[in-house]
Each structure stands twice: as structure tokens, then as C-alpha cells.
Amino acid sequence: MSFGRGARVTLLGQWIRFVIQFGGFVLLARLLEPSDFGLVAMAGVASGFAILFADLGLSLAAIQAKELSQLQKSSLLVCNVIAGLAGSVVIAASGYGLASFYDEPRVFALSVVLSLPLLVSATGVQFRVELTRERRFGTLARQDILSAAVGLVAGVICAVLGYGYWALAAQAVVQPLVVTGLAILESKWRPSLQFNWDSIGSLLRFGGSNLALQAVNLASRTVDVAMLGRSVDAAAVGAYSRSSQLISMVFAQVVSPLTRVILPRLAAARDDEDFRGTVERLQCAVSYVLGGILLFIVAEGEVALTVVLGDQWASAGVVLSMLAFGGFFAALGYVYYWALLAKARTSLLLAAELPGRVVMIAGAVIFAEHGPLGVAGAIVAGQGLTYVVGSLVLRQVGLAWVPLVRISSRPLAIFVCAAALSAVVQNYFRSEVAMFIAAVGMWTCAALAAFCLSQGVRRDWACLIDMARAS
């Protein structure tokens with residue numbers, strides 16, 4: 001089974017978008033204060049849940065469906081718009097309560113503004129789904145790139161003009177407006193004045209299980225910010241949320257977009273003999289690419305953050321490294337997520353995710369008084385537990401966890417050696433910039449040495465290259 005041009009176009013587009021967003025990440029971090037990011041993160045707690053329920057889990061349900069009628073498509077659009085409108089009202093109404101919870105009046109106005117993009121995003125969901133089902137990945141990639149660029153320009157202009165945290169709000173509002181407008185203009189599909197609950201009953205059931213899963217996941221990613229916002233100042237919340245956002249950005253740009261390409265094809269081939277082999281090849285790719293990025297952040301997070309964002313963010317370095325370590329377990333488990341979704345086993349996926357997410361939520365509540373480090377420790381523990389439980393439930397869909405762990409062990413060994421080498425070399429430098437350059441050099445040398453000396457590594461990379469070139 002191959003993913004072909006769609007995967008290549010999606011990855012290329014997402015890497016371009018990643019460069020834009022990361023550039024904006026750095027630029028805005030130098031133009032604004034950590035407290036600005038903390039305020040927006042605190043106001044965004046309700047926004048995350050409202051955005052999730054505006055989708056109702058229906059986008060993935062529609063993507064994995066083998067066929068969709070015009071009636072089903074139009075009915076899905078109506079559901080999304082109604083949910084988006086309700087979510088916008090909830091976000092705006094929650095602003096007063098959040099401001100009281102944090103004892104921070106500025107959160108109220110921010111909540112009202114952050115409610116605006118939700119209805120727009122909900123309106124565009126089905127148009128984006130149609131582009132995905134038509135495999136117009138180039139169009140989707142272009143929309144993502146343009147929206148990221150325009151949103152960044154709006155944010156930077158506001159930051160330069162001295163609007164502080166409102167620059168981040170402007171970026172959050174402009175980006176979905178652009179992507180939704182482009183999706184409606186470029187989609188060939190047009191809705192009809194039809195609606196029927198029965199026509200989307202199976203999709204709602206699939207979406208309901210997926211929605212519950214995503215709600216639990218989102219709770220574990222927002223309770224931490226909410227509890228920190230109540231326990232520490234906005235600057236500390238900003239340092240934590242910016243570290244968390246950087247890890248999320250890596251996932252969003254490297255893994256999440258592949259769901260658009262991988263899920264429909266895995267779902268179509270879920271009964272094929274090659275399903276297991278495809279899952280194993282995906283685990284190899286994720287282990288090398290995403291695992292390498294996250295373990296580099298684990299080893300070099302503090303130095304990298306100081307070099308890239310500036311000295312005012314140095315205190316977030318340890319938190320960033322801890323979150324990246326937890327993210328490594330999440331990366332290895334992402335293939336489980338694809339496999340279980342492709343098999344339409346969303347209830348099993350929820351059961352696998354729930355224990356770890358409960359640990360994250362409870363840990364954030366209990367350890368928030370210890371600051372960002374305490375909360376980050378709870379997140380790492382929960383992600384490790386999620387990976388273990390996910391490994392155990394794989395046999396329910398005909399997969400074994402031992403081969404997948406074995407696949408990940410080779411890149412893990414390479415990256416651990418690279419981290420050790422870079423730690424030794426960095427002792428000879430005093431400048432953070434020199435330390436960072438030395439670290440990058442050691443990681444590059446370790447990868448090249450492994451490629452030259454290990455036949456297994458060369459075989460892994462040959463398989464990955466074949467998978468990328470396949471059509």
C-alpha cells in the first residue's frame with residue numbers, strides 16, 4: 001500500500017507552513033512579552049472545547065466514509081454551522097467566568113474576540129472535507145500556507161504597532177477567515193437545501209465516539225493552562241504555554257496533516273493482508289522523523305530556546321525538554337491512533353487513551369501549585385501511560401506491539417548516542433550559539449555514521465524513500 005503524491009504534496013505544504021509559523025513563533029516571541037502569551041492562553045481554554053464541539057467529530061467520520069451522498073454532505077454542513085454558532089456563544093459567555101476564575105479582567109474581552117473565528121471555521125469544515133476526499137492535497141496545502149502567512153502578517157503588524165496581546169488575537173481571527181474563504185471558493189461542491197438526521201446517523205455515531213476521545217484529549221491539554229493561570233502569574237503561564245505550543249506545532253506540521261492522507265487509505269485497506277506491513281512502515285517513519293525532532297528538543301531544549309527566542313524565555317527550557325520527552329511517547333503511539341481509527345474502533349481507542357488522560361488532568365490539578373515543572377511532570381506521566389495501554393490493546397485489531405517497539409528501537413539508539421555526544425562536546429563552549437551549532441553538528445554526524453555503519457538503518461531509509469516515492 002502506498003500514499004503517493006498526496007502524501008508528498010501534503011508534507012511539502014505543511015513544511016512550508018511550518019517554516020512560516022515557526023518564523024512567526026520566533027518573531028512574535030521577540031516582539032511580545034511572555035505575559036501576553038499567557039493571557040491569550042488563559043482566554044483560549046474555552047475556545048478549544050468550543051472548536052472541538054463545533055466539529056462534533058464529523059470531519060474524520062466524513063473523511064473515512066467510503067461514500068457520501070449530497071443529502072449527507074448538506075446535513076453535515078448544517079450540523080457544523082449550528083454547533084459553531086452555539087460554540088461561539090458559549091466562548092463569549094464564558095469570558096466573564098474565566099476573568100473571575102483567574103482574577104484577570106483582560107481575559108473577558110479576549111474571550112469575546114476569540115469566539116469570532118469559531119463560526120467561520122465550522123462553516124468551512126465540510127468544504128475542506130470535500131477537498132480531502134477529492135484528494136486535492138495541493139489545494140489544501142496552498143490554503144494552509146496562505147492563511148498562515150496572512151495571519152502572521154496581521155499579528156506582526158499589530159505587535160509592531162504596540163497592541164501587545166491583541167496581536168495574537170488578530171492572528172487567531174484572521175487565519176481561519178482566510179482558510180475558510182479559500183475552501184468555499186475552491187471547492188467544487190455546493191450544498192443543497194436538504195437536511196435529514198437519519199442520513200447521517202452512522203456518521204454521528206462514529207463522530208460521537210471520536211468526539212468523546214478528542215474531548216478527553218483536549219481536557220488534558222487545557223486543564224494544565226487553566227490551573228496554572230489560577231496558581232501562577234501570566235508570565236509563567238506564557239512560558240509554559242509557549243513551550244507546549246512549540247511541541248504541538250511539531251505534531252501539527254509533521255503528523256496531523258498526514259491523517260488526511262493516511263486515514264482514508266488505511267480505512268480502505270483495513271481488511272487487506274498488507275495492513276500490518278503498512279502500519280509498521282508508518283511506525284518506522286514516525287520514529288525517525290518525529291522521534292528525532294522531539295528527542296533533539298529533549299536534549300537541547302534549554303539552549304535552543306535561548307538562542308531562538310531570546311534570554312527572556314530561558315526559564316522555559318527545562319519545561320520544553322520535559323514536554324518533548326512526553327511528546328516522544330505520544331509520537332510512537334500516533335500510529336496506534338491511525339490504525340484504530342482506520343478499523344473504526346473509536347470506542348477501543350477511547351478506552352486506550354482514557355487512563356493516561358485522567359492522569360494528566362488529575363496531575364495538573366494536584367501539581368499546579370508547584371508551577372510549570374509540576375504540571376509538565378504530570379503530562380509526561382500521562383503520555384507514558386497512554387503509550388503503554390495503547391500497546392496492549394493493539395492485539396484487538398490484529399496487531400502486535402513487540403514488532404512496533406523493535407522498529408522504534410533502532411532510531412531511538414541513534415538519537416540517544418547523538419544526545420550523549422552533543423552533551424560532551426558542549427562542555428567545551430561557553431556561548432549558547434556555539435553550543436547549539438555543536439549540538440546540531442553532533443546529531444548530524446551521528447545520523448550519518450549510523451547510516452554508513454548499519455545495514456539495518458540503510459534498509460529502514462530505503463523503505464521510507466520507497467514509500468515516499470510510491471504512486
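Reader: How many residues does the protein have, and what share of them count as buried?

Author: A residue is buried at under 20% relative accessible area, exposed at over 50%, and partly exposed in between (1.4 Å probe, protein chains only). Of the 471 residues here, 55% count as buried. Please note that this is a predicted model, in which local features need pLDDT of at least 70 and side-chain atom pairs pLDDT 80 or more, while totals for chains, interfaces and linings use all residues. Residues are numbered from 1 along each chain as its sequence is written, and side-chain values use heavy atoms, leaving out hydrogens and water.

Reader: How many helices and strands does the protein have?

Author: Helices (H or I, at least four residues) and strands (E, at least two) are DSSP runs, numbered from the N terminus. The protein has 18 helices and zero strands.

Reader: Where does helix α6 bend?

Author: A bend is the angle between axes fitted to the seven residues ending at a residue and the seven starting there. Helix α6, residues 116-133, bends by about 35° at valine 125. Val125 is also among the buried residues of α6, which include Leu118 and Phe127. Just after α6, arginine 135 takes a positive phi of about 60°.

Reader: Is aspartate 103 buried or exposed?

Author: Aspartate 103 is exposed, because its relative accessible area is 67%.
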